[in-house]
Amino acid sequence: MATKLIEGEWIWQDGKFIPWHDAKIHVLALAVQFGSSVFEGVRCYKTVDGPAIFRLDDHLARLFDSCRVYRMDAGFTKEELTKACTEVVARNKYEACYIRPCVLRGYGSIGMNPVGSPIHTYIPCWPWGAYLGDGSLEEGVDVCISSWQRAEPNTYPATVKSAGHYNNSQLTKMEAVAHGYADAIALSPGGLVSEGSGQNVFLVRKGTLVTPVVDGTMLSGITRDSILMLARDLGIPVSEQPVAREMLYNADEVFFTGTAVEVTPIRSIDRIAIGAGKTGPITKLLQQRFQKAVHGEIPVPDGWLTPVRATAPAIAPR
């Protein structure tokens, strides 16, 4: 079933707030024609001290890295976009939500050289629950190995979060859903495990937490990094290494991580039950630890939680 979008009221665009349905671009904008857009997915969580955005600084740093690779100038500093993200949450009066800052090329050039196309920065936000459906965080999901593989390194920059890259992810996801799965895991061109349609993958084997090494075919996820840090803090052995497909089938536990999926257990792959076919103890421990971190219930590193304050005047466009 497709994810239903719950519309917000306001979107931040180029330094001002506009009504949700006023966020429009031309059909010949390069973002539409060629997927010339970079973006981030960020979650804001309800905490005892009010709404707080999880690892916003790291997400915006990656957004600017993506802009640099694609030779795009967002037109605003990271500090200005930090303020804009907190403002749009406050303006929409959300205690918890998903935020999607995006920088895109608009209407101008029509060829492969984008010079002459204006660049716009948008920040919408909306409420978003469990990405893979009700009960997925508790009960886990059934996935498959996709027939669609990830691209060869240096085909496109896989560590950049660009809209055009996600056509591969859509094929992966649609195929999985058509075959009765919640999602899929894609392999690299060399046949090793890469990532899910939009998530990183972890497995547990004999007490060790294992995740594929960043190899130029996958996104280096911020939630992935958070789980690695939390696992080390808990004394769980961690290994970033090449992962063969069969290692997933023989794992004691497997789970997805990502801003949208958070920490979602995988109970079967290709109809093969993983471990006991339910959420494993290390997955549950890390899931609970992650939830405590994002809700401000345990001490976290500086910068992990950016508080949302009262709405201030919008930043003037340049």
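In strand β17, V263 is the bridge partner of T257. Strands here are DSSP runs of E with at least two residues, helices are runs of H or I with at least four, and both are numbered from the N terminus. The model is predicted, and local features need pLDDT of at least 70, side-chain atom pairs count only at pLDDT 80 or more, and totals for chains, interfaces and linings use all residues. Residues are numbered from 1 along each chain as its sequence is written, and side-chain values use heavy atoms, with hydrogens and water left out.

Strand β17 spans residues 262–269 and is mostly covered, with seven of its eight residues buried. Buried denotes under 20% relative accessible area, exposed over 50%, and partly exposed in between, for a 1.4 Å probe and protein chains only. Two strands are taken to pair if DSSP finds at least two bridges between them. Strand β16 (residues 253–258) pairs with β17 in the antiparallel sense over five bridges, and a hairpin joins the two through three residues. Strand β10 (residues 141–145) runs parallel to β17, to which three bridges join it; V143 stands opposite I269. Strand β18 (residues 272–273) is antiparallel to β17, with two bridges, and its A273 stands opposite S268. The hairpin of β17 and β18 has two residues between the strands, and D270 takes a positive phi near 55° there.

Residue S136 lies in helix α4 (residues 136–139). Leaving aside residues up to four places away in sequence, S136 touches A130, V141, T264 and P265, where contact means heavy atoms within 4.5 Å. S136 counts as buried because its relative accessibility is 3%.

Helix α8 comprises 14 residues (281–294) and reaches 20 Å from its first C-alpha to its last, close to the 20 Å expected at 1.5 Å a residue. The expected span is 1.5 Å times one less than the number of residues. The buried residues of α8 include I282, T283, L286, Q287, F290, A293 and V294. They lie on the same side of α8 because they cover an arc of only 130° around the axis, the arc being that of the directions from the helix axis to the C-beta atoms. Just after α8, G296 takes a positive phi of about 70°.

The structure holds zero disulfides, a disulfide being a pair of cysteine sulfur atoms within 2.5 Å. For C44, the nearest cysteine sulfur is that of C97, 4.7 Å away. C44 is buried, at 2% relative accessibility. For C102, the nearest cysteine sulfur is that of C85, 10 Å away. C102 is also buried, with a relative accessible area of 14%.
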